[in-house]
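Here are my notes on the model you sent. Please read them with the structure open.

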Amino acid sequence: MDCKHEKIAAQVNVIRLQDTGGFTCDIRVVCMGCQEPFRWMGVPIGCSPAQPMASVDGLELRAPIQPQ
């Protein structure tokens, strides 16, 4: 049976970077119907305090954030 991915959930974790005092937001997205994870597209792989990047498998977005 093909899932239409009509119910989507996101898991978001905010991490305080002890060495720099900055923050990063890690985001994973999954279909609630079939449990298929979504892959982040067009984002370089790695980890950076200056720009959003994806995990090696592309399933987690790691984005630096800061208070307004």
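**Notes on the predicted model**

1. Start with S48. Leaving aside its neighbours within four places in sequence, S48 is in contact with M53 and P64. Contact here means heavy atoms within 4.5 Å. S48 itself sits in the loop between β2 and β3 (53–54).

2. A word on the basis. This is a predicted model, in which local features need pLDDT of at least 70 and side-chain atom pairs count only at pLDDT 80 or more, while totals for chains, interfaces and linings use all residues. Residues are numbered from 1 along each chain as its sequence is written, and side-chain values use heavy atoms, with hydrogens and water left out.

3. Back to S48 and its polar contacts. The S48 side chain reaches the backbone nitrogen of A50 at 3.0 Å. It also reaches the backbone nitrogen of Q51, at 3.4 Å. A polar contact is a pair of N or O atoms within 3.5 Å; within protein, one must be able to donate a hydrogen and the other to accept it, and residues adjacent in sequence count only if both atoms are side-chain atoms.

4. Now the sheet. The sheet is open, has 4 strands in the order β1-β2-β4-β3, and pairs antiparallel. Its edge strands are β1 and β3, each pairing on one side only. Strands (E, at least two residues) are DSSP runs, numbered from the N terminus. Two strands pair if DSSP finds at least two bridges between them.

5. Look at the hairpin. β1 (residues 8–16) and β2 (residues 23–31) run antiparallel and are joined by 9 bridges. Within this pairing, V14 has C25 in β2 as its bridge partner. The hairpin has 6 residues between its strands, and G21 in the turn shows a positive phi of about 80 degrees.

6. β2 has another partner. It pairs with β4 (residues 60–65) in the antiparallel sense, over 6 bridges. F23 stands opposite I65 in β4.

7. Check the cysteines. How many disulfides does the structure hold? The count is 0. A disulfide is a pair of cysteine sulfur atoms within 2.5 Å. C47 is in no disulfide, and its nearest cysteine sulfur, that of C25, is 12 Å away.

8. C34 counts as partly exposed because its relative accessibility is 33%. C47, at 65%, counts as exposed. Buried means under 20% relative accessible area, exposed over 50%, and partly exposed in between (1.4 Å probe, protein chains only).
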